[in-house]
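Hi everyone, thanks for coming. I'd like to walk you through one structure today, so please have the viewer open and follow along.

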Amino acid sequence: MKTRFTTVDIRAVIAEINANYIGMRVNNVYDIDNKTYLIRLQKPDSKAVLLIESGTRFHSTDFEWPKNMMPSGFAMKCRKHLKGRRLTQVKQLGIDRIVDIQFGSDEAAYHLIVELYDRGNIILADHEYTILNLLRFRTAEAEDVKIAVRERYPVESARPPEPLITLDRLSEILSKAQHGEQVKKVLNPHLPYGATLIEHSLMEAGLPGSLKVDSQADVAEVAPKILDALQLAETYMDKTEKFSGKGFIIQKREKKPSLAPGKPGEDLLTYDEFHPFLFAQHTNSPHLEFETFDKAVDEFFSKMESQKIDMKALQQEKQALKKLENVKKDHEQRLEALHQAQEVDRAKGELVEMNLAVVERALQVVRSALANQVDWTEIGAIVKEAQASGDPVACAIKELKLQTNHITMLLKNPYVSDEEQEEEEEKIRVEEKGKKNKNKGQNRKLQGNKPMLVDVDLGLSAYANAKRYYDHKRSAEKKEQKTIEAAGKAMKSAEKKTQQTLKEVQTVTTIQKARKVYWFEKFLWFISSENYLVIAGRDQQQNEMIVKRYLRSGDIYVHADLHGATSCVIKNPSGDAVPPRTLTEAATMAVCYSAAWDAKIITSAWWVHHHQVSKTAPTGEYLTTGSFMIRGKKNFLPPSYLIMGFGFLFKVDEQSVFRHRGERKVKTVEEDLEEVTSRAAELLEEGEELIGDDSSNEDQGRAADEAESHKEAEMAAAAQPGDMEDDGNDEDSGVEDETKSDQFSFPDTSISLSHLQPIRMAHNPSFKNETTTQVEADSQGKKHMSARQRREEKKKKQKQEDCDGEEKSEVSSVDLGSKGGGGSSQQPLKRGQKNKLKKIKEKYKDQDEEDRELMMQLLGSAGAAKEEKDRGKKGRKGKGKEEPGRKPQLKPQQKPRNMAADEKKPQQEGGRGEEEEEEEKPAGEQQQEEKEDEADQDNAGAEEAENLLTSLSGQPHPDDVLLFAVPVCAPYTALSNYKHKVKLTPGSQKKGKAARTAVLSFIKAKDASAREKDLFRSVKDADLSRNMPGKVKVSAPNLLAAKRK
């Protein structure tokens, strides 16, 4: 298989690139791996991508290649020097396999030198060929040249074009060659054409392509013809100078084993070579033709991976069939061995019967000697003496095996004469010469008349020895019969297993080819129960990339204040408000992929809008990789349980997508209530312990209150838990009051969030005041008070009302600021400010907004302009921009008029100046354009994104056409509707084993279809467990039963 460019290929590609891409500017440089780089070129009306692989190839490409997450140092250096420059020239240095790509002209020029021989190299040099950066440092000792940074690249040392070789020189090269070596191999090192073009030229000149050097006489005779062939090769080299022809891929035909027993195997065509011409030796081979050679090369290398999958599958199929052949061969050998054993035993039994008298006499002689207690060595000596004297019985004895009570006798058929024996042997020799493939069994039969060594037992008579051999023959015959019967079943089982293996291999290969790796799979990811894609980084680099490349307008950033917590982004291309359920699921993900998983700690995550996340650090500070500044208010979420799930999404074809529309959607309150109720019941059935359930404590508190005041018992029974807290616990009662309206959604649980109260209260100071007055009002309505208590209460209430307007106005402005860009917590008023605010309120109580604005204009830019200025100051400190279309939740309070001094502070805390916003807008637009260029194919529009997510379903329909399966690890609530899922909680089992256990349970599930099982098997082990948070405990219904099966 051809794997790298020849000189002919280089010349052809350079001619095509010079014709099509000169004048285009470099948009960016990417690295696929440490040897392969992509240069993206563009003109106003077109785009192109050049692919360079060190030591192998250089061509344009139309395929999408997977880029490295973080660019390498060499890629960064290329970006620095080449970005924005025009491609001005591509040339070959001499006739070496070195390509010089020039960007820019004159002194502003840069050269990218690509070495396509040996181990290869890519070198970035300036206009004087001084090396700025390179992939591989090397020293050429023969040329005394050092290839390193700040050294000059030796352009002039390239091998110059040479005239056509002379006849004398050709004869000299051929005469020095080894005897029997092919001419094309001998000439290849001395000529620039390459072995393929030399072979083609030889065939065109009327010589065989595999011509060999035989002797000096042959060299003198053949050399002129070879010279003519090389002149033809020179014309082909001239054609490549301004090449504009077609490209060809030569294919190799492999026989593929068939699944059906009698059916002939299919042909598998794989790519073998690529050439700019269809050479003579390839005319009869299967081949593909392309418009240009550039496209042929691109197709060849891009399909290499799928070809490798095909070849791997072919090897597995061949291996499976080889195993089956070995089973068959082993079976045949066993039968043959048993058959031969029967023949030998039968022959020995017959020979003993034919030589009955001799055998009996030999037995008597040896027995009598043993009976007379003659020494064994003496018996041997006696036998030898008798043999010397020509005794026929002694001559028949060949060995004494007295230790086993046997003697070995050489017996032959007494009824066949020596002449007949010789004739028969001659006949056998003739037949063996005529038929070399004669089978062993027949040879054995034909050799039946030859003398044979037979072991005779001294403890048995001659007849008994013959009978023993016949018994052996019969038992071997029975054994053969049983082997044939058992082998029939074994062969059927082996064939069935082989067919199953072949089927599995072909299915898995087809799935792997159809499998499309989505852009988000390089991250941690899942699809929420409301069809939002949530992505998170695996490490600091990925966190950086997610925010820089993929955090777009409308998206939500979710994080947790824990060591190792990942940065989650909820993709929201529609820009609508993200539902709370998706936020909760993203929060679970952020907490689970942190130190909380191993420590088994339940805690809260928080979310912010996309514009609140910034990489700009405050003055004098530095942000490390994966760290970001959050400007403004963090929205804290309820504590997240450490419960993840593992399941499979199935990619359905376009015709089946309609069945899954609305599968994951935002549910109404009624639907949600039903689901929550059913899930609560399910959790109770499973015996899951709801951590953080403080309902029992609240019940105890309630019982204690009832015991203290019997008079309030009836009222307390009808009231909510928040109404029963005493006045000293305003914060707790506030939380209860807030959640009062949502109590019906969660009938069985009541979660205490007391550890979050200081944060929430700091963010929303008005909350405490409202709830306090509410509780006081309630308590006044409920409790019996004396006259003195009423007077004190009245004074307190009046004082409260005086400050109420002031504090509410402050809260309102801070809230507006925090919603627009996020403000810090409200600072307490300084000494004397309350009275000042009261006086201002009294003075301007009759003035409305319009009057206030007119007055401010008359006074001259002291009000609005000052506010703008203050906003700008705060904006420069890095606070977030105001988000359009998002209004504060609180109802607008009536605030004091003409409060310039009061307005100043909230604006500083939460707003961003409009002037600065306008100034920063062009830079922001430019940054956005760069982002879009980086990830334009990943961040699809709202409709495309929804279609993609809809085509991935966890609930396959029986009529669906399933293309492939994607393993997903997500919060368990997001997997609630999946057909195949297991629950993961912190445990001690390793990720790989847990994933295999889960897949095994899915495969053995009763409702799993055959196609689903095939899809499960096709997923690689590495892909199964890579998204799991750490060591886990797998739990699912009937999991133990599945393991036992």
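Let's start at Glu 289, which is partly exposed, its relative accessible area being 46%. Before I go further, please keep in mind that this is a predicted model.

Which residue does Glu 289 pair with in a salt bridge? The partner is Lys 246, and the closest N and O atoms of the pair are 2.7 Å apart. Now look at where these residues sit: Lys 246 is in the loop between α6 (216–241) and β12 (247–256), while Glu 289 belongs to strand β14 (residues 287–290). The pair therefore ties together parts of the chain that lie 43 residues apart in sequence. Lys 246 counts as partly exposed too, at 43% relative accessibility. While we are on this topic, there is also a network for you to find: Arg 169, Glu 172 and Lys 176 are joined by salt bridges that share partners.

How many salt bridges turn up in the whole structure? The search finds 28. Let me show you a couple more of them. Lys 67 and Glu 64 meet through their side chains, with an N to O distance of 3.9 Å. With a cut-off of 4 Å for a salt bridge, that pair still qualifies at 3.9 Å. Lys 67 is partly exposed at 27% relative accessibility, whereas Glu 64 is exposed at 60%. Then there is the salt bridge between the side chains of Arg 159 and Glu 162, at 3.7 Å from N to O. Here Arg 159 is partly exposed with a relative accessible area of 28%, and Glu 162 is partly exposed with 46%.

**Stepping back to the whole chain**

Let me zoom out for a moment. The chain holds 34 helices and 30 strands. It has 1045 residues, and 43% of them are buried.

**A pair of helices and a loop**

Now please move to helix α31 (residues 991–1003) and helix α32 (residues 1010–1018). Their axes are 10 Å apart, and the helices pack at an angle of about 165°. Since angles over 145 degrees count as roughly antiparallel, α31 and α32 are therefore roughly antiparallel to each other. The crossing of α31 past α32 is left-handed. Which residues make the contact? On α31 they are Val 999, Phe 1002 and Ile 1003, and on α32 they are Lys 1013, Phe 1016 and Arg 1017. By type, the contact has four nonpolar residues, two charged ones and no polar ones.

Follow the chain on to Val 1019, in the loop between α32 and α33 (1021–1025). Is Val 1019 buried or exposed? It counts as buried, with 12% relative accessibility. Setting aside residues up to four places away in sequence, Val 1019 touches Phe 648, Ala 965, Pro 967 and Leu 1024. Pro 967 is 52 residues from Val 1019 in sequence, yet their C-alpha atoms are 8.0 Å apart in space.

For a second example, find Ile 484 in helix α14 (residues 462–514). Ile 484 is partly exposed, at 38% relative accessibility. Neighbours within four places in sequence aside, its contacts are His 331 and Leu 335. Ile 484 and Glu 332 are 152 residues apart in sequence, with 9.5 Å between their C-alpha atoms.

**Backbone angles to look at**

Most residues other than glycine have a negative phi. Asp 118 is not a glycine, but its phi is positive, at about 50°. You will find Asp 118 in the loop between β7 (110–115) and β8 (121–126), and it is exposed, with a relative accessible area of 54%. Lys 600 also has a positive phi, near 55°. Its place is the loop between α17 (595–599) and β22 (606–609), where Lys 600 is exposed with a relative accessible area of 56%.

In helix α5 itself (residues 195–204), the buried residues are Leu 197, Ile 198, Glu 199, His 200, Ser 201 and Leu 202.

Key: Residues numbered from 1 in each chain as written. Predicted model: local features only at pLDDT ≥ 70, side-chain atom pairs only at ≥ 80, totals over all residues. Heavy atoms only, no water. Axes fitted to C-alpha atoms, helices over the stretch in contact; angles between N-to-C directions. Helix = DSSP H or I, 4+ residues; strand = E, 2+ residues; numbered from the N terminus. Parallel < 35°, antiparallel > 145°, perpendicular 65-115°, else oblique. Left-handed = near helix turned anticlockwise from the far one by under 90°. Contact = heavy atoms within 4.5 Å. Nonpolar A, V, L, I, M, F, W, Y, C, P; charged D, E, K, R; others polar. Buried < 20%, exposed > 50% of the residue type's maximum accessible area, 1.4 Å probe, protein only.
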